[in-house]
Amino acid sequence: MDKIKLFNSLMSKKEEFIPFDDKCVKIYACGPTIYKSPHVGNFRSFIIFDVLFRFMQQIYPKVIYVRNLTDIDDKIISESKLRNIPHKSLTNEVHESFKFDSEKLNVLNPTYEPKATEYIHNMIQDIEKLIENGFAYVADGNVLFDSTKYDDYRAFCKNMNSESGARIELTSIKKHENDFVLWKPSNDVFWSSPWGNGRPGWHIECTSMSKEILGFPFDIHCGGQDLIFPHHTNERAQGYGLCNVDCAKYWIHNHFVNIDNNKMSKSSSNALDLKKLLEKYNPMVIRLFLLMSHYRHPMNWSEDGLEEAGNIYAKWKRSLSEIEIGNTILSSVYNALADDINTPLAIKKISEIIKNNEDLGSAKKSCEILGIHFNDAGSIDNDLIEGLVQKREEARKNKDYNLSDQIRDQLKQMGIIIEDSKDGIKWRKE
RNA sequence: GGCCGAGUGGCAGAAUGGCUUAUGCAGAGGAUUGCAAAUCCUUUUAUGUCGGUUCGAUUCCGGUCUCGGCCUCCA
C-alpha cells in the first residue's frame, strides 16, 4: 500500500499525509451558502471531499468531518427580501433541498454540520480575542481584521495585488487594502454585540466553527479553488491571530465544473439545476461523471460525458449488483486514491478488474469508497415481469417471433431489458 | 496588469525520460443470436507550437500561442 499523498495548496506541491493524531483525523470543508440550491458544480466539491472522508474512514479508526452551512450573509438577506419571507424560512427550505440532493447523490452526512447562526456567541468571543491580541480594530460599529499584523498573509496569493489592475478599493473604514470585516452593523437581521447590533463577516464563521468543533490545528481544510482568496487566506490570518498557529496543515482545493468553457456559478446564471438533472439521469451516473476527472483539473459538463458515465455504470452494475460486497478495497484503487485522490485512475482500475472478472467483491467495496452503489430506486412488479418473460419464451419456442418481439418492446417500455444468454433468459432494469 | 492552472487520438481522460503508449465511449471487422441485447476477439487514430538539456522527451527547462481561473460574492 502506498503512502497517502495530498496536494497542499499552501505549498503548491504534493505532500505525504501525516495526521497530527493517527487515532483521529480531523477534516473541515466549507459547505454551501444556503440561499439557493447548490448546483452540480458545488456538488463536485461535496462529492470529492465525501470520497476523501470515506477513504480516510477506511484507513483511520476515527475521522471527524465537519462541513458547515452558511446560513447568514448578504445574499441570504437579499434573497429573502426578494421573496418576502423570513431568512430562516429561506435557509430551512434550501437546507431541505440540499439534504434531498445529497442523499440522492449518496453524499454522506458529515460528522458535524454546524450552522453559522448557532455559533454567533463563539464568533463574538473570537472577535473580542482578536481585538485583545491586537489583530483587529473597531471602526464605526464595524470590527476589522488588520491584515498587516499577519506576516504570512500572502502565502496563498503571493504577489496577487500588484499596483496595476488591482480592484481592491480602500474604503473609509479600512486601514489597509486587505483588511476585512469581522463584524458589521445590521438592522434587518442582527445579534447584539459589544459593538452594537450587527452580524458576523463571512470569514470568521468558518474560523469559529472549526476552532470550536475541531480545535486548532486540524489536519485538512477543503474547499473550492475560488475560496483560496480571500476566504481561506483570511481564515489562516484569523487562526493565527487567535491561537498563533496555522489552523490547518493541509489545504486542498477542487477545480470547477465548466459549462461551455466557463465556470459554472450561482451568480452567473449558467448553473444547472440539480433537481432537473436528477429527473433525467440516475444520480449514480451524475456522481460517477463528476469523479471521472481529477479534482484539481477543470472539467466540462457535457451530455456526452454523462452518457459515457452511464455506459460505465451500466457495465459495473451488470457485474456487481448481485455480488456480495468484500471487506477490503482493491489495492490498485487504494493506491490511486492515496495518490492525491486520483478518482479517474481508481475508476479505470475498477473497470479493469470487472473486465477480467477478478476480485469482484473488492471491486464492489471499492465502488462503495467512491460512493457508487447499485441499489435500484423505486419498486418493480416482479411477478408481472416474470409473467411476460415466460409468455415471450413460449412464443419463442413456437417460433412466433412477432409476438415475442412485441413483448420485448413492451418490457422495454417498462424499462426492462431482456437478455437471451446461453445460461437462460435474464432481465434487468435499464 | 499581477498571480495560478490547463493544452494528449473522433470524444472523455490517465500515465510515463526509452520498453508491447492505459481505460471508457464512439468507429471498423468478426464470433455468438431467430432478430436483438449482453459478452468475447481483432483493429484505426495522439501528446498546441518553437527551441534547449539528453544517446533518447509527450514527460525536464525556456520562449511562444491558445484557453480557463483568482485578484469583488462564489465549490
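In this predicted model, I259 stands opposite N262 in strand β12, and this placement belongs to the pairing of strand β11 (residues 257-259) with β12, which runs in the antiparallel sense over two bridges. Two strands are said to pair if DSSP finds at least two bridges between them, while the strands themselves (E, at least two residues) and the helices (H or I, at least four residues) are DSSP runs, numbered from the N terminus. The sheet in which β11 and β12 take part is an open one of three strands, in the order β12-β11-β13, and its pairing is mixed. Because β12 (262-263) and β13 (299-300) stand at the edges, each with a single partner strand, one side of each is left without a neighbour in the sheet. As background, the strands of a sheet pair through backbone hydrogen bonds, either parallel or antiparallel.

Residues are numbered from 1 along each chain as its sequence is written, and chains are lettered from A and ligands numbered from 1 in the order in which they are written. Local features need a pLDDT of at least 70 and side-chain atom pairs count only at pLDDT 80 or more, whereas totals for chains, interfaces and linings use all residues; side-chain values use heavy atoms, with hydrogens and water left out.

Chain A as a whole holds 14 helices and 15 strands, and its C-alpha trace spans about 90 × 55 × 40 Å along its principal axes. Its domain assignment gives domain 1 (5-257), domain 2 (281-370) and domain 3 (382-429), with bounds that come from an automatic or database domain assignment. Taken over C-alpha atoms, the centres of domain 1 and domain 3 are separated by 56 Å. Of the 430 residues in chain A, 52% are buried, where buried means under 20% relative accessible area, exposed over 50% and partly exposed in between (1.4 Å probe, protein chains only). Among contacts between residues at least 6 apart in sequence, 74% join residues at least 24 apart, a contact being heavy atoms within 4.5 Å.

Strand β1 (residues 5-8) pairs with strand β2 (residues 13-16) in the antiparallel sense over four bridges, and the bridge partner of N8 in β2 is K13. β1 and β2 form a hairpin with four residues between them, and S12 in the turn has a positive phi of about 55°. Strand β9 has seven of its seven residues buried; three bridges join β9 to strand β3 (residues 25-29), the two running parallel, with I27 opposite I220 in β9. β9 also pairs in the parallel sense with strand β10 (residues 248-254), over six bridges, and here C222 stands opposite I252 in β10.

On a 1 Å grid over the protein atoms alone, a pocket is an open set of points with protein on both sides within 12 Å along at least five of seven lines, a cavity is a set where a 1.4 Å probe fits but cannot get out, and lining residues have an atom within 4 Å of a point. Grid points are joined across faces, edges and corners, and a volume is the space filled by probe spheres set on the points.

About 1,400 Å³ of space lies in the largest pocket, and of the 50 residues that line this pocket, the closest to its centre are T33, K75, W202, D226 and L227. By class the lining divides into 18 nonpolar, 20 polar and twelve charged residues, where Ala, Val, Leu, Ile, Met, Phe, Trp, Tyr, Cys and Pro count as nonpolar, Asp, Glu, Lys and Arg as charged, and the others, Gly among them, as polar.

The second largest pocket has a volume of about 730 Å³, and of its 21 lining residues the closest to its centre are K317, R318, S321, R428 and K429. Its lining draws at least three residues from each of domain 2 and domain 3, and the largest share, six residues, comes from α9. Seven nonpolar, five polar and nine charged residues make up this lining.
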